[in-house]
Amino acid sequence: MPLWPRQQYIKEGLKKGIPQDKLERWLDSAHRVQAKGLPALLSLSHLAEEVGIPYRVLREVTSRSRKSPYRTFHIAKRRGGRRTITVPEDYLRRTQRWLCRNVLSHLDVHPASAAYRTGNTVKSVALKHCESQWLIKIDIESFFESISERQVFRVFSSAGYSPLVAFELARICTALPVPNSSRYHHRRWKNDSDPAEHGKLPYSHQLVGHLPQGAPSSPKLSNLVMLDADRLLAQVAESAGCRYSRYADDLIISTKDKSFSRDDAVQLLRKCRAILSRFGFRTNTTKVSISPPGARKLVLGLLVDSDRPRLNQAFRARIETHLYGARKFGPQEHAAARGFSSVLGLRRHIEGLLAYANHIDSSYAESLFVINSQINWPL
């Protein structure tokens, strides 16, 4: 990204009556981020102009004085429970997408971080852990919601933006939890816990926001926030002769070393949990597992006990049940029996399963495509 020309910038600024020392500071700030291939953002009004959003609206978002710009709803988790989805209003979504496209996409994440990155797939992650003797899996509890506004601030600050701009960008990309949330009993979720970090800022709200699951900027920000944690986790795994991957909130560690023991696995697990705790994360104890030699090993739903990832039996049974049922009884009858609202919904569901099966195991998927072609789908 070309740097703003110094002499011309200062000359034009002086014509507008802006003091030269202020122009010099702005220019230094702009060059600092432009040298990294990022767009210069000198103020909130500058961002508003770039995105095409009224400054007043963004100001209300950053000061938390505006009615919550998010719509929250819940969806069922595959393994039980509910997941909270927080979707921003259109103007905020546009701003977050602009930041994601122009800033966040140009920042480096750790190589072990696989989710939300072009070229990385569930299959590529599973392939890394094929033929492992031992497999350790760790799940981070409430991953997005555990990432604080303070951590997001550090991402933008480390990219070179001024403290005020970094703070405002962090506010734009985070949301406040529901009132009386238990997290506010902890100092790390209050803005006054470390007043020296942000310096003196023109904002008085004392509650720290979190990364909302449903905002377009959240996936990339989560990877960037995890950069240092990923580095430490990869180091402790490597020191134990293991490989480390992280796919969003799923941490996978494996080794082909036959001399590795359960004691080694427990020690490594303890170290990983300590690292996560240092960065403000808690592990979901119900989803922590250690799989020894001879045990079935699943990585992101794929079997990795051979030289290539394979579809698990539950997935095969699901897609085969739909295909055989739709062919034998007809798509209308099968859709009604399985609770689909329409035949089109069933067809799209099956096509999605077929595409995934073909991506993982094309030879297995061949016969499934033949069955699908024999179903009397309505035009």
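Trainee: How many bridges join strand E8 to E9?

Mentor: The model is a predicted one, in which local features need pLDDT of at least 70, side-chain atom pairs count only at pLDDT 80 or more, and totals for chains, interfaces and linings use all residues. Residues are numbered from 1 along each chain as its sequence is written, and side-chain values use heavy atoms, with hydrogens and water left out. A strand is a DSSP run of E with at least two residues, numbered from the N terminus, and two strands pair if DSSP finds at least two bridges between them. Strand E8 covers residues 302-303 and runs antiparallel to E9; Leu302 has Leu311 in E9 as its bridge partner. The number of bridges joining E8 to E9 is two.

Trainee: How many residues of strand E5 are buried?

Mentor: Buried means under 20% relative accessible area, with a 1.4 Å probe and protein chains only. Strand E5 spans residues 250-255 and is largely enclosed by the rest of the structure, because the buried residues number five of the six.

Trainee: Which residue stands opposite Leu251 of E5?

Mentor: Strand E4 (residues 243-247) is joined to E5 by five bridges, and the two run antiparallel. They form a hairpin with two residues between them. Opposite Leu251 stands Arg246.

Terms used: Helix = DSSP H or I, 4+ residues; strand = E, 2+ residues; numbered from the N terminus. Buried < 20%, exposed > 50% of the residue type's maximum accessible area, 1.4 Å probe, protein only.
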